[in-house]
Amino acid sequence: MDKVNELKEKGNQALNAEKFDEAVAAYTEAISLDGQNHVLYSNRSAAFAKAGKFQEALEDAERTIILNPTWPKGYSRKGAAAAGLHDYMKAFEAYNEGLKYDPQNAILLQGRQDITASALNFMQSHGDIPMDVDPQQMRSRRAPSPPPAKAPEPQKPAEPRVEDMTEEQKKKYFAKKEKELGNAAYKKKDFETALKHYNAAIDHDPTDITFYNNIAAVHFERKEFEECIKQCEKGIEVGRESRADFKLIAKSFARIGNTYRKLENYKQAKVYYEKAMSEHRTPEIKTSLSEVEAKIKEEERTAYINPEKAEEEKEQGNHFFKKGDYSNAVKHYTEAIKRNPDDPKLYSNRAACYTKLAAFDLGLKDCDTCIKLDEKFIKGYIRKGKILQGMQQQSKAQAAYQKALELDPNNAEAVEGYRQCSMNFQRNPQEVLKNAMSDPEIQQILKDPAMRMILEQMQNDPNAVKEHLQNPAIADKIMKLLESGIIQIH
């Protein structure tokens, strides 16, 4: 399913960049891999609708509803597609059906309100209802039937008479015409012509944020990123003054974010994606924000890498290790790893500290990491074998030593570790205990009242022993008991 998610994100990014054909292609490929995914059909429906292909958008919306009948977004997609086809009753019914599942859904409520107004305007322009009809009455009336099937195109509303318009209406009208011509040129990638028409639209009506957003889109496509940002900022300023829809302002912020992302300035991209989210939260912007945050984190990690600093921290770790101060040694080895995460020796050294602190799970993890970084690093296998021996997992320890011996058959530590594991296989627990108890050093440790108290704490609360392991002398005694088989830590 990783490929499906990858294609879905590709489609989302294309949709966000207004590359509708690319978005449709990505969603279609994803659907071919996962034909039961209702979100993919919903996203493709949105892309078709943005491209003005409302019939295809409607078909995808209906498929979305079939796959997930209780998902409100499927109904909002259907409503938008039906509205694009001027089938206002179908749109109205879709919004109402969706509200049955989510009565407070803002998108569905707004859609129902908008479609009522659209249907009213459409019917007024066709003379179907008087001008003073209450829009609420639309709920009980069916919108006009669509044009006959034989007609090549749906009937368009009659063009308004320019001579009847006020000066303000004329400005809006001519601005809209210029924008439509600009959109047509943009789709053909005739960016020079598109810019000419969008600028003409601004000359007629400088208060519409949409025109600035469209100009910014042209500059983005032409990789004129500084100009793109400038136009978006101008659009936001104009939009604030004219109290434009917050979704349009969010779009401007998001495009600035996309531009900074193209410039690989991920921190600035993050700032503008967050501003866009504060205006209007969409899945596309949220995805983009998450992606740039991951980029920032990786940049910071990479920028922190410094092998020279890592070597200094390693030396400090060695110093504390020799003093028996294993906790401080771990801190310095950890810092060294951050400075040079690809050096297997650093993980091996930290694993040695964890072993002394009886933090065997952490030690094993470090051993596995250093082996992964360098499969021929003998010390990693030997260190792993010692930890597994301390955990009384003799068979796994023997396998680790075997790996070391395959790399160097004469390695003394690996030979001795393998021999000890083999001997332990042949000894039963009673024999192990008997031999250990005959060791004077073991006897001395067990006679120590302080050690007996610590061992009792280990039985009742394994986490309590961690504090005692900060003391190098106690840590050595516990390791001796582990190696002898007197105690086990799992």
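## Ground rules

A polar contact here is a pair of N or O atoms within 3.5 Å; within protein, one must be able to donate a hydrogen and the other to accept it, and residues adjacent in sequence count only if both atoms are side-chain atoms. Helices (H or I, at least four residues) and strands (E, at least two) are DSSP runs, numbered from the N terminus.

This is a predicted model, so local features need pLDDT of at least 70 and side-chain atom pairs count only at pLDDT 80 or more, while totals for chains, interfaces and linings use all residues. Residues are numbered from 1 along each chain as its sequence is written, and side-chain values use heavy atoms, with hydrogens and water left out.

## The whole chain

On secondary structure, the tally is 26 helices and zero strands. Of the 490 residues in the protein, 44% are buried; that word means under 20% relative accessible area, with exposed over 50% and partly exposed in between (1.4 Å probe, protein chains only). The accessible surface is about 27,700 Å², and carbon and sulfur atoms account for 50% of that. Those areas come from the Shrake-Rupley method with a 1.4 Å probe; for residues, only the protein chains shown count as cover.

How much of the contact set joins residues at least 24 apart? Among contacts between residues at least 6 apart in sequence, the share is 51%, where contact means heavy atoms within 4.5 Å.

Residues 72-105 are 79% helix and 0% strand, with end C-alpha atoms 8 Å apart. For residues 310-343 the figures are 82% helix, 0% strand and 9 Å between the end C-alpha atoms.

## Helix α10 and its ends

Helix α10 covers residues 209-221, and its 13 residues should span 18 Å at 1.5 Å a residue; the end C-alpha atoms are 19 Å apart, which agrees. The expected span is 1.5 Å times one less than the number of residues. Is α10 enclosed or open to the outside? Here 13 of the 13 residues are buried, so the helix is largely enclosed by the rest of the structure.

After α10 comes K223, whose phi is positive, near 60°.

α6 has 14 residues and runs 21 Å from first C-alpha to last, close to the 20 Å expected. Its buried residues include Y88, M89, A91, F92, A94, Y95, G98 and L99. As background, an α-helix has 3.6 residues a turn, so residues three or four places apart point the same way.

N105 sits in the loop between α6 (88-101) and α7 (106-125), and is buried at 17% relative accessible area. Its side chain reaches the backbone nitrogen of I107 at 3.0 Å. Leaving aside neighbours within four places in sequence, N105 is in contact with P72 and L99.

N12 belongs to helix α1 (residues 2-16) and counts as buried at 6% relative accessibility. Setting aside neighbours within four places in sequence, N12 is in contact with Y27, N43 and E284. N12 and A26 are 14 residues apart in sequence, and their C-alpha atoms are 8.8 Å apart.

## Two positive phi values in loops

Most residues other than glycine have a negative phi. E264, with phi near 65°, has a positive value; this residue lies in the loop between α12 (246-262) and α13 (266-279). A358 also has a positive phi, near 60°, and lies in the loop between α17 (344-356) and α18 (360-373).

## A cysteine pair without a bond

How many disulfides does the model have? The count is zero, taking a disulfide as a pair of cysteine sulfur atoms within 2.5 Å. For C228, the closest cysteine sulfur is in C232, 4.4 Å away and therefore too far for a bond. Both cysteines are buried: C228 has a relative accessible area of 0%, and C232 also comes to 0%.
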